Amino acid sequence: MTTRRLLIAAAAALVLLTAPAAQAADRVTVFAAASLKTALDAVAAQWTAETQNKAVISYAASSALAKQIEQGAPADVFFSADLDWMNYLGEKNLIDKASVTRLLGNDIVLIAPKDSTATAKIAPGFKLAELLGGGRLAMGDVKSVPAGKYGKAALESLGVWASVENSLAQAENVRAALKLVATGEAPLGIVYRTDAEAEPTVRIVDVFPSDSHPPIVYPVALTANAKSDAARDFLAYLKTPAAHAIFKSNGFRLLE
């Protein structure tokens with residue numbers, strides 16, 4: 001090979017070795033509330049198709065995810081099902097506070113297995129304990145899981161909490177509560193409307209009045225340790241019309 005050809009080959013190799021890292025696919029680690037799974041998986045897939053970057057998403061109760069971030073878990077984005085856990089991390093300076101966006105809203109509903117004949121009109125003093133018929137009411141943990149906290153607040157507001165507080169099947173997250181009803185292990189449950197609509201083996205008995213519980217808000221933010229442009233791009237993508245269309249098709253309300 002001539003000297004000229006050797007120089008050209010060396011130059012080409014150098015270009016490949018020093019190509020900007022941005023040209024390679026980047027990974028973003030997202031911690032998201034369990035109730036977001038169906039919609040957020042679809043949003044992430046669309047983002048990947050458009051950018052070639054990949055979102056690795058861990059789903060669990062917002063409380064569990066916030067505690068993991070507090071303990072040093074390497075998340076880039078936190079997508080919570082309530083403001084309390086976002087504020088919890090904010091107070092510890094573990095969230096990029098300037099990036100916090102109140103993105104989505106939801107409803108909580110009373111559900112039953114698809115073949116159940118249970119009927120109810122949710123109103124003050126409604127006979128929830130009688131509807132249970134000695135069974136358990138599936139809910140997220142009422143002390144920490146957002147859906148459980150919203151559910152307890154609604155039952156207290158409606159004056160029926162005392163009649164069912166000893167008949168609960170408390171789950172680690174809202175999707176686990178949904179499964180208890182879907183498999184017939186619990187005759188009734190309280191979950192988000194979006195969860196109920198995503199599960200064909202349950203049906204909505206009735207929707208809890210919006211004034212019976214605090215507003216359901218899903219905030220999303222970068223963590224304090226998020227440094228990559230891809231993380232910021234993913235957060236920005238959640239606010240685009242394309243992402244909004246997916247969230248709306250899955251039953252979420254847009255708040256921003």
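Lys152 touches Met139, Val142 and Trp161, leaving out residues up to four places away in sequence; contact here means heavy atoms within 4.5 Å. Lys152 lies in helix H6, residues 146–157. Helices (H or I, at least four residues) and strands (E, at least two) are DSSP runs, numbered from the N terminus. Val142 is ten residues from Lys152 in sequence, and their C-alpha atoms are 6.2 Å apart. At 26% relative accessibility, Lys152 counts as partly exposed. The cut-offs are these: buried is under 20% relative accessible area, exposed is over 50%, and partly exposed is in between, with a 1.4 Å probe and protein chains only.

Before going on, the basis of all this. This is a predicted model, in which local features need a pLDDT of at least 70 and side-chain atom pairs count only at pLDDT 80 or more, while totals for chains, interfaces and linings use all residues. Residues are numbered from 1 along each chain as its sequence is written, and side-chain values use heavy atoms, with hydrogens and water left out.

As for confidence, pLDDT is the predictor's own confidence in each residue, from 0 to 100. The protein averages a pLDDT of 91, and 90% of the residues score at least 70. Over residues 3–23 the pLDDT is below 50, and that stretch has one contact in the model beyond near neighbours in sequence.

How many residues does the largest nonpolar core have? It has 69, and those with the most contacts inside it are Leu40, Phe79, Leu137 and Phe247. A nonpolar core is a set of buried Ala, Val, Leu, Ile, Met, Phe, Trp, Tyr and Cys residues joined through side-chain atoms within 4.5 Å. There is also a second, separate core of 14 residues, which includes Ala60, Ala73, Tyr88 and Ile95.

Apart from neighbours within four places in sequence, Phe247 is in contact with Ala39, Leu40, Val43, Phe79, Leu103, Leu104, Leu238, Phe252 and Leu254.

Leu104, one of those partners, is found in strand E4. Is Leu104 buried or exposed? At 0% relative accessibility, Leu104 counts as buried. Beyond its neighbours within four places, its contacts include Leu36, Ile216, Val217 and Tyr218. Tyr218 is 114 residues away from Leu104 in sequence, yet the two C-alpha atoms are 5.0 Å apart.

His244 lies in helix H11, residues 241–249. At 15% relative accessibility, His244 counts as buried. Sequence neighbours within four places aside, His244 is in contact with Leu103, Leu238, Lys239, Leu254 and Glu256.

Next, a pair of helices. The axes of helix H3 (residues 62–70) and helix H4 (residues 83–91) come within 9 Å and cross at roughly 10 degrees. Axes are lines fitted to C-alpha atoms, for helices over the stretch in contact, and angles run from 0 to 180 degrees between N-to-C directions. That angle makes H3 roughly parallel to H4, the class for angles under 35 degrees. On the H3 side the contact involves Ser62, Ser63, Ala66, Lys67, Ile69 and Glu70, and these meet Trp85, Tyr88 and Leu89 in H4. The residues of this contact divide into five nonpolar, two polar and two charged. For that count, Ala, Val, Leu, Ile, Met, Phe, Trp, Tyr, Cys and Pro are nonpolar, Asp, Glu, Lys and Arg are charged, and the others, Gly among them, are polar.

Most residues other than glycine have a negative phi. Gln52 is not a glycine and has a positive phi of about 70 degrees. Gln52 is found in the loop between helix H2 (37–51) and strand E2 (54–60), and at 54% relative accessibility Gln52 counts as exposed. Asn93, also not a glycine, has a positive phi of about 60 degrees. Asn93 is found in the loop between H4 and strand E4 (101–105), and with 54% relative accessibility Asn93 counts as exposed.

Ile122 is in the loop between strand E5 (108–113) and helix H5 (128–132). At 4% relative accessibility, Ile122 counts as buried. Among its contacts beyond four places in sequence are Leu110, Leu158 and Phe208. Ile122 and Phe208 are 86 residues apart along the chain, with their C-alpha atoms separated by 6.3 Å.

Technical notes
Angles under 35 degrees count as roughly parallel, over 145 as roughly antiparallel, 65 to 115 as roughly perpendicular and the rest as oblique.
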